[in-house]
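User: I would like to learn how to read the features of a protein model, taking one feature at a time. Could you give the general idea each time and then the case at hand?

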Amino acid sequence: MAGTKRKLRSSRVVNISDLRRIAEQRVPRVVFDYLDGGAESEITLRENCRAFEDITFRPRQAVAFGECDLRTQVLGTEISFPAMLAPVGYSRLMHPGGEVAAATAAGKAGTGYILSTISGHKLENVKAGTSGPAWYQLYLVGGREAAEAAIERARKAGFSALVITVDTAVAGMRERDPRNGMTELLAGSIFSKIPFVPQIVAHPGWLLSFLLDGGVPKLENICIPGQGPMPLIDVTASLGRSAVTWNDLRWIRESWPGPIVIKGILIADDARRSVDEGAAAVVVSNHGGRQLDSVSPTIKALPEVVSAVGSQIEVLMDGGVRRGSDIVKALCLGARAVLVGRAYAYGLAAAGQAGVERAIQILRNDVERTLRLLGCPSVQDLGPEYVSYPADWHNDVGVRGPIDASP
């Protein structure tokens, strides 16, 4: 790890792609591809990133100002710049620090962290590790009783919002995982592991850390009554039996007293339904291209959702964010803030907390530089007048479409 930290301090780590490269070198292929890959042909995975190229900036020149204000408020809480760390499952496989390391880095940067249900560290330890806002992302894996217990633990621990992911009726077909032997490595017999051992022993640093951390972690926040924490490998099979429906929002609202965020919204009808169900915010998300392939890239879906809900609730977005300029483009199209997942997870896999801190620093510096080059002194002043984007980025569903702001 010492060598990795030297790399992070060098001029070679100037963007998120550099962290991705280091992560790929440090962890076994099965772990890296779990983090890096998407569903089926990975069309949506690629389009999430590429679609940002369809947006161009319209800067104001010869503008000078002193301070550049990156602060914004999400659900009434101020964050230092308009990005929070998204829930990333299985983080402890990437680095022993896992969710605690990521949450600590977010707090040091003055922003928020969202903890996945599929996590190897107890939610109480994650919350204790951050000085910033923390939200809990809920799957119904393990059944309603297990979910209600987790909700109560999150409330007592001080999590300030509950994030309900609605796009996982079943687990997406992430083809890299079976090819790399994910199931065999996590729970298979000794003989079934043999074909996949070379990729593990080729990364002795990761292997040593993994073994010292106790091997495959149990899911400390999914406690099955009478059985204890769920084994990590049980999750995929359990997802198909635990899909969230709109009806579930009723008992969830009774169990959780704070704001609820609906994650996985791509169309106007679902955005309006979220408003009707009492959500405080929605996340325009396609699960990072990891569920249904060939759905819209999230930046393209964003204007339709923003138009559908207006100012009734806050709109966040995730998917494909690799640069601060991507964050600025999302804000121009109406997002209150973005959630970043892979961007910081590459840093976590590369160097633990130091890697997450570097990822956040890169994105923050990018945002400030982009604003200064746009001639815009504050993220609060961003709007569609600062960008041009395709006029067909909406469906004819009775909502106001995005504006092509080109001259």
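**Reading the features one by one**

Analyst: Two strands pair if DSSP finds at least two bridges between them. This is a predicted model, in which local features need pLDDT of at least 70 and side-chain atom pairs count only at pLDDT 80 or more, while totals for chains, interfaces and linings use all residues. Residues are numbered from 1 along each chain as its sequence is written, and side-chain values use heavy atoms, with hydrogens and water left out.

User: What lies between S8 and S9, and which residue stands opposite Cys223?

Analyst: The two strands form a hairpin with 3 residues between them, and Gly226 in the turn has a positive phi of about 80 degrees. Cys223 stands opposite Pro229 in S9, and Cys223 is partly exposed, with a relative accessible area of 31%; buried means under 20% relative accessible area, exposed means over 50%, and partly exposed lies in between (1.4 Å probe, protein chains only).

User: How many disulfides does the structure hold?

Analyst: A disulfide is a pair of cysteine sulfur atoms within 2.5 Å, and the structure holds 0 of them. Cys332 shows how to read such a case: the closest cysteine sulfur to its own is that of Cys376, at 7.4 Å, which is too far for a bond. Cys332 counts as buried, at 2% relative accessibility.

User: Where do residues other than glycine have a positive phi?

Analyst: Glu42 is one of them, with a positive phi of about 60 degrees although it is not a glycine, and Ala62 is another, with a phi near 55 degrees. Glu42 sits in the loop between helix H3 (29-36) and helix H4 (43-50), whereas Ala62 lies in the loop between strand S1 (56-57) and strand S2 (72-74).

User: What should helix H20 span, and which of its residues are buried?

Analyst: The expected span of a helix is 1.5 Å times one less than its number of residues. Helix H20 (residues 353-374) has 22 residues and should span 32 Å, which agrees with its end C-alpha atoms being 32 Å apart. The buried residues of H20 include Val356, Arg358, Ile360, Asp366 and Leu374. H20 is followed by Gly375, whose phi is positive, near 75 degrees.

User: How many salt bridges does the structure hold, and how should I read one of them?

Analyst: Side chains of opposite charge can pair when their charged atoms come close. A salt bridge is a side-chain nitrogen of Lys or Arg within 4 Å of a carboxyl oxygen of Asp or Glu, and a search of the whole structure finds 23 of them. In one, the side chains of Lys108 and Glu357 meet at 3.0 Å, N to O. Lys108 lies in helix H6 (residues 98-108) and Glu357 in helix H20, so this pair ties together parts that are 249 residues apart in sequence. Lys108 is exposed, with a relative accessible area of 59%, whereas Glu357 counts as partly exposed at 27%.

How values were computed. Helices (H or I, at least four residues) and strands (E, at least two) are DSSP runs, numbered from the N terminus.
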